[in-house]
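Q: Could you show me how to read salt bridges and burial in a structure, beginning with the general idea and then turning to a case?

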Amino acid sequence: LIYCYRKPKTKRAKRFLEKREPKLKENTKNAMLIKGGNANLTVTEVLKDIYAVKKPFAVLYKKKNITRPFEDQTSLEFFSKKSDCSLFLFGCHNKKRPNNLIIGRMFDYHVLDMIELGIEKFVSLKDVKNSKCPEGTKPMLIFAGDMFDVNEEYRRLKSLLIDFFRGPSVPSIRLAGLEYVLHFTALDGKIYMRSYKVLLKKSGCKIPRIELEEMGPSLDLVMRRTHLASDDLYKLSLKQPKALKPKKKKNISHDVFGTTYGRIHMQKQDLGKLQTRKMKGLKKRPAEKSAEDGGVSPKKSKSG
């Protein structure tokens with residue numbers, strides 16, 4: 001697909017194009033959730049629940065789209081350009097790969113990473129009869145398992161899941177806002193996704209007692225196919241503009257604990273001429289003064 005730039009004819013169109021222009025600080029990443037042409041009820045319910053967790057930074061396509069992302073990616077790139085989404089979740093179902101999910105991300109409206117996951121067990125939001133978190137709650141992400149640090153495919157999957165669920169960047173957060181946890185566990189070739197609501201209980205002190213209550217959705221996944229970007233392209237996608245890089249300050253260093261050290265350059269100072277606090281104990285005696293002058297002062301004659 002070839003996109004040609006059109007000059008906006010109205011101010012509204014101009015503002016719309018300006019929002020999509022590259023910025024130093026990019027907008028929060030949006031995700032599009034697409035249903036395949038042969039999606040069954042399980043895949044449809046999974047997409048609806050993920051959409052409920054991801055709102056308002058998500059777009060759910062309700063109509064079926066006959067496409068195969070691993071063979072042809074033009075449809076995904078077209079939807080990405082149309083909806084301005086850099087993340088996607090595609091659901092499909094067939095005899096060879098039942099209950100299939102494909103999660104991926106874009107770079108410059110082209111597919112960067114794409115990982116296929118199979119759903120082995122699913123518990124929806126409706127099946128868990130507990131209170132839910134409000135829409136737009138920023139989740140806390142927890143990853144357990146050595147595979148997320150050892151295996152390259154699992155490491156990319158961890159980075160992809162962080163991109164997908166992290167939500168907006170915030171400078172600060174209050175304690176009551178930490179009420180939603182997404183937990184991912186990699187064990188025995190499977191990925192277990194669990195979601196919990198954080199309950200703050202009374203503990204008799206300032207720090208509350210924490211309890212986790214399962215909220216849903218809950219997924220047991222298995223990794224199938226992967227389409228990972230090359231190291232050079234992945235490194236290019238992580239490149240930051242020079243304006244965002246912190247400027248190096250002279251004579252300032254940091255240790256491993258984050259402590260800042262500064263070096264100050266001063267001229268040589270004569271400490272003998274340093275003005276100290278005027279106290280009786282610090283005053284010089286007459287003998288010391290005469291020794292500095294190089295002679296002995298004559299005694300004063302008593303007046304008759």
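Q: Is D113 buried or exposed?

A: D113 counts as buried, with a relative accessibility of 1%, where buried stands for under 20% relative accessible area, exposed for over 50% and partly exposed for in between (1.4 Å probe, protein chains only). This is a predicted model, in which local features need pLDDT of at least 70 and side-chain atom pairs count only at pLDDT 80 or more, while totals for chains, interfaces and linings use all residues. Residues are numbered from 1 along each chain as its sequence is written, and side-chain values use heavy atoms, with hydrogens and water left out.

Q: Which side chain does D113 meet in a salt bridge?

A: Side chains of opposite charge can pair when their charged atoms come close. A salt bridge is a side-chain nitrogen of Lys or Arg within 4 Å of a carboxyl oxygen of Asp or Glu. Here D113 meets R156, at 3.3 Å from N to O. D113 belongs to strand 5 (residues 110–123) and R156 to helix 5 (residues 152–165), so their pairing ties together parts that are 43 residues apart in sequence; helices (H or I, at least four residues) and strands (E, at least two) are DSSP runs, numbered from the N terminus. R156 also counts as buried, at 5% relative accessibility.

Q: What separates R156 and E152 in helix 5?

A: R156 and E152 are 4 residues apart in helix 5, which means about one helical turn lies between them. They form a salt bridge, with the closest N and O atoms 3.4 Å apart, and E152 is partly exposed at 38% relative accessibility.
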